[in-house]
Amino acid sequence: MSRSIVRQSKFRHVFGQAVKAEQGYDDIRVSKVTWDSSFCAVNPKFLAVIVESSGGGAFLVLPLSKTGRVDKNYPLVVGHSGPVLDIDWCPHDDNVLASCSEDCTAMVWQIPDKALTRPLSDPIVVLEGHSKRVGIVSWHPTARNILLTAGSDNLIIIWNVGTGEPLISMDDHPDLIYSISWNRNGSLFCTTCKDRRLRVCDPRKREVVAERLAPHEGIRPMRAIFTREGNIFTTGFTRMSQRELGLWDPTNFEEPIALLELDTSNGVLLPYYDADASMVYLCGKGDSSIRYFEVTEEPPYVHYLNTFSSKEPQRGMGFMPKRGVDVSKCEIARLFKLHDKKCEPITMTVPRKSDLFQDDLYPDTAGPEPAMEPEEWLDGRDEDPILTSMRGGYVPPKSREIKVAKKNVLDSRPTARRSMSTVETNNLSQ
């Protein structure tokens, strides 16, 4: 029995460590909205956290270097008229962020490089197409300016934020959508829904290409993410309300590749996936621990590695893209744990004696350059992410250049206003 557990893996001894108190972010009033999103988004430049605010929805955006206590008068991003439910940084421009809200809109923001000096209330684009609250925003992994939104009207809309127009609308879901995840090249996405079905959708064909009823038998919310190989990793609950994780092949949904029971806690498990290391970090709402697993091609396919535990439960979690980790310290992941009043970075490190760059830990990773334009993706083209080497080491965020300044969200062509969307033109000339 022990032989199957003790296996060769460079990630077997990964350990998590919270940073020192002064390197965290204190006095943040984290949102108390009852919505199962992560409430936090992070990239190599900024930390964004959805916060409590009176009279509308707001979130806080801090440069990563601005650690310590946050001034209670620090300016917020305040464009939404209802509570903000989800935020997501653009993978192709570290200064662009999408948000969605109970006010039935999604918005796209340009965040200045320096810390905000006054509240930001003018989004670049307001996306109006949903009739009920919008709970999910997700950028396309490889195509510029493509953003997906999902609302409580059970509608999925894919937008070109450069023009502010809706490109694709899908109404295949009869009930509330819990989660959405793009595959690696953005040709498909998978969804979990309150009707207990896991679906794989082809947005350009506007159809569901595969589905599975009750990958987890419990009725509580599920989550699903695509792995690099094209399988789907799910978290859910058994009929007896035990938490469970699964790995599925979407071309054959009959039997799971792996199914593993975890515990009897009742928080929804949010999975965060590292495609380069093929590792999944599971963070439960209300848990005080982060479990991590390695997904491999040999049985039992999903290998438990370890658990990072702390005393305080988490309200949400942010996951740093791989290009933001510190390669000089063999850091392979960084998670940002939200407490009630603070955000605490947690580093995941592989113990190594050498200070040299570790090639085996850092294969080329997805860089900030988009692989194609929105029109090319819409016409049926698929491209994997453009990779960048990690060998250059970690560059502190404050001195990091925006590599997509040649052409980004702001280089949009002026278009006629659509009834479904509004384009704010006052920031388009930057």
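This is a predicted model: local features need pLDDT of at least 70, side-chain atom pairs count only at pLDDT 80 or more; totals for chains, interfaces and linings use all residues.

Biologist: In what order do the four strands of the open sheet stand?

Modeller: Strands are DSSP runs of E with at least two residues, numbered from the N terminus, and two strands pair if DSSP finds at least two bridges between them. The edge strands, each pairing on one side only, are β16 (177–182) and β19 (207–213). With antiparallel pairing, the order is β16-β17-β18-β19.

Biologist: Over how many bridges do β16 and β17 pair, and which residue stands opposite W182?

Modeller: Strand β17 covers residues 189–193, and its antiparallel pairing with β16 runs over five bridges. In β17, the residue opposite W182 is F189.

Biologist: What kind of aromatic pair do W182 and F189 form?

Modeller: Rings of Phe, Tyr and Trp (its six-membered ring) pair if their centres lie within 6.5 Å; planes under 30 degrees apart count as stacked, over 60 as edge-to-face and the rest as tilted. The structure holds ten such pairs. For W182 and F189 the centres are 5.5 Å apart and the planes are at 75 degrees, giving a pair that is edge-to-face.

Biologist: Are W182 and F189 buried or exposed?

Modeller: Relative accessible area decides this: buried means under 20%, exposed over 50% and partly exposed in between, with a 1.4 Å probe and protein chains only. By this rule, both W182 and F189 are buried.

Biologist: Why is the pair of F293 and Y304 edge-to-face?

Modeller: F293 lies in strand β26 (residues 289–295) and Y304 in strand β27 (residues 302–309), eleven residues apart. Because the ring centres are 5.6 Å apart and the planes stand at 65 degrees, the pair is edge-to-face.

Biologist: The charged end of which residue sits over the ring of F39?

Modeller: A charge sits over a ring if NZ of Lys or CZ of Arg is within 6 Å of the ring centre and within 35 degrees of the ring normal. One such case is R220, whose charged end is 4.6 Å from the centre of the F237 ring. Over the ring of F39, at 4.4 Å from its centre, sits the charged end of K285.

Biologist: How many residues of strand β29 are buried, and which residue in β30 stands opposite K337?

Modeller: Strand β29 (residues 331–338) is mostly covered, with eight of its eight residues buried. This strand pairs with β30 (residues 342–349) in the antiparallel sense over seven bridges, and a hairpin of three residues joins the two. The residue in β30 opposite K337 is E344.

Biologist: Why does S38 count as buried?

Modeller: S38 is found in the loop between β2 (25–26) and β3 (40–42). Contact means heavy atoms within 4.5 Å, and beyond its neighbours within four places in sequence, S38 is in contact with L270, Y272, G316, M317 and L338. S38 counts as buried because its relative accessible area is 14%.

Biologist: What distance separates the C-alpha atoms of K66 and L47?

Modeller: K66 lies in the loop between β5 and β6 (68–69). At 37% relative accessibility, K66 is partly exposed. K66 and L47 are 19 residues apart along the chain, and the distance between their C-alpha atoms is 9.4 Å.

Notes. Residues are numbered from 1 along each chain as its sequence is written. Side-chain values use heavy atoms; hydrogens and water are left out.
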